[in-house]
Amino acid sequence: MQPLLFAKADPAETFGIGPTAVSDAGANVRVWDAIHDEPAPPLDDVSGIVLFGSSYNIEHAEDQPFINRLRAVTLDALDRGTPFLGICFGAQVLAWSLGAEIGKAPVREIGYVPLRPLPAAADDQLLSHYADGDLVFQWHMDTFELPAGAEQLATGDHVDAQAFRVGERTWATQFHLEIDREEIDLWIDDIGPALETEWHTTSARLRTAATAHHGRHEHQGAEVFRRFVKVARALA
């Protein structure tokens, strides 16, 4: 099979557990540095696309041209039937590309929050291993409406839109299934005092929670990547 394309939408993106999880599943990764204006590779040369998070939001599309380039590639993938997984900002790009509204969430979610899978997730190819109340890592201020034709897979206690799929090859999760402990520490260090003034939490609180919960979180996230490789390989 051709490699999976990891689309980089933030200068500090490390892709977390993604590269190792994909390699362990017997596939390769090709990185597209979208945020630094690298041209998108031909989708004939990839087996699937994972679009990761960003410190930018959809509202920045007018002054950040890379966001519209991501939208164009997303629509191309949908037209071709190329397997696609959007994570956090990537989920919002997918929803926006499909005509859904993007706006501020009722709360800023940060840290580990319970996921509430819906009945449609029970036999989902990517997310069926998540159970009610499993803790997933969040760091976002925006949310999205469910696009027309999409099937919602999970909700949350405070932000409704947590996961959906379109057909059998396209998925989105609001939560950061890919993040590893090192990337959490990087984000904490990068945001500085705004963690308390704007996000109303502390580095100590996040790091304590990560120590308690992140081992299971990484295991479940790696399973998503393994399953995504399986979907892509079946279509190769």
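This is a predicted model: local features need pLDDT of at least 70, side-chain atom pairs count only at pLDDT 80 or more; totals for chains, interfaces and linings use all residues.
View 1. With 3 residues, α2 gives the largest share of the lining of the largest cavity. Residues are numbered from 1 along each chain as its sequence is written, and side-chain values use heavy atoms, with hydrogens and water left out. The lining is made up of A7, W32, I49, L51, L70, V73, T74 and F84, and both β3 (48-51) and α2 (65-80) supply at least two of its residues. Sorted by class, that gives 7 nonpolar, 1 polar and no charged residues (Ala, Val, Leu, Ile, Met, Phe, Trp, Tyr, Cys and Pro count as nonpolar, Asp, Glu, Lys and Arg as charged, the others, Gly among them, as polar).

**View 2. How much space is in there?** The largest cavity holds about 30 Å³, and a search of the whole structure turns up 1 cavity of 30 Å³ or more. On a 1 Å grid over the protein atoms alone, a cavity is a set of points where a 1.4 Å probe fits but cannot get out; a pocket is an open set with protein on both sides within 12 Å along at least five of seven lines; lining residues have an atom within 4 Å of a point. Points are joined across faces, edges and corners, and a volume is the space filled by probe spheres set on them.

**View 3. The largest pocket.** Its volume is about 550 Å³. The lining has 23 residues, with D10, S54, S55, W139 and W199 closest to the pocket centre. α3 (89-97), β6 (135-144) and α4 each give two or more residues to this lining. The class tally is 10 nonpolar, 7 polar and 6 charged.

**View 4. α2 against α3.** The two axes come within 9 Å and cross at roughly 70° (axes are lines fitted to C-alpha atoms, for helices over the stretch in contact, and angles run from 0 to 180 degrees between N-to-C directions). That makes α2 and α3 roughly perpendicular, a label for angles of 65 to 115 degrees. From α2 come F66, I67, N68, L70, R71, T74, L75 and L78, and from α3 F89, V93, L94, W96 and S97, where contact means heavy atoms within 4.5 Å. By class, this contact has 9 nonpolar, 3 polar and 1 charged residues.

**View 5. α4 against α6.** Helix α4 (residues 181-191) packs on helix α6 (residues 203-235) at about 160°, axes 10 Å apart. The pair is therefore roughly antiparallel, the term for angles over 145 degrees.

How values were computed: Helices (H or I, at least four residues) and strands (E, at least two) are DSSP runs, numbered from the N terminus. Angles under 35 degrees count as roughly parallel, over 145 as roughly antiparallel, 65 to 115 as roughly perpendicular and the rest as oblique.
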